[in-house]
Amino acid sequence: MSLHLREVTGVADDVRFDWTRGARARVPEVVLAESKTIEQLLDIAQQALARQQGVLMTRVQAEKAAVLAEQLPGQVHHHAQARTVVVADQPPESLSQERPVRVAIVAAGTSDAPVVAEIEQALLYLGEPSARYVDVGVAGLWRLTELADELSEYSLLIAVAGMEGALFSVLAGLVPTPVIAVPVSVGYGVGAGGHVALNSALSSCVPGIAVVNIDNGFGAAALAVKLLGIHARA
């Protein structure tokens, strides 16, 4: 796909961004870029910079990220694996410097890495650094059990798994920590598309699991930040 930016004049009529959501709801509005035009994305980015605010975009195709970076040099921070763009004067890592790590992302396999990266980048944008534990699926149960004590030290765990989604129940049964389950679309046959993993998470008999939609890394990060905010106020 080849993208050439046409001249953008003013603010697009169909862009009405919720700039006050962060103050109202703890998590600001985030742009789902996948089906938006480059003109719409540039409009939102320019509005954010004019307001001296940052903005996170998810599901950003590489071609769109390249055009944004060309038009806004030094202010577009693209993470290719996560398919995210942060439009801001500083990269997302600077938003969580010297903060304690309270969230761990636990992924069943290396194929889950794109969703893990989206969670990491969203957490960083929201001011929360995270730790990553990848390739600890239950097919080699020892990989998970030997980490149980270490994982129990975190305030929240975000579990990422496709196929049969067994990681969610096993992890939540090993640790006292709340678990946010992110089913992913990695898999084939009856496990294709993440629906088996989603049903596994929803039907788990282990209490203390919250579930977001398939591949919804940002949703998991947003829920984690809101839960941590409740914990801090308590």
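Reader: Is glutamine 52 buried or exposed?

Author: This is a predicted model, in which local features need pLDDT of at least 70, side-chain atom pairs count only at pLDDT 80 or more, and totals for chains, interfaces and linings use all residues. Residues are numbered from 1 along each chain as its sequence is written, and side-chain values use heavy atoms, with hydrogens and water left out. Buried means under 20% relative accessible area, exposed over 50%, and partly exposed in between (1.4 Å probe, protein chains only). Glutamine 52 has a relative accessible area of 76%, so the residue is exposed.

Reader: In which loop does glutamine 52 lie?

Author: Helices (H or I, at least four residues) and strands (E, at least two) are DSSP runs, numbered from the N terminus. Phi of glutamine 52 is positive, near 55°, in a residue other than glycine. The residue lies in the loop between α2 (38-50) and β2 (55-58).

Reader: What is the relative accessible area of methionine 163?

Author: Methionine 163 is in the loop between β7 and α7 (166-174). Its phi is positive, about 50°, although methionine 163 is not a glycine. Methionine 163 is partly exposed, and its relative accessible area is 33%.
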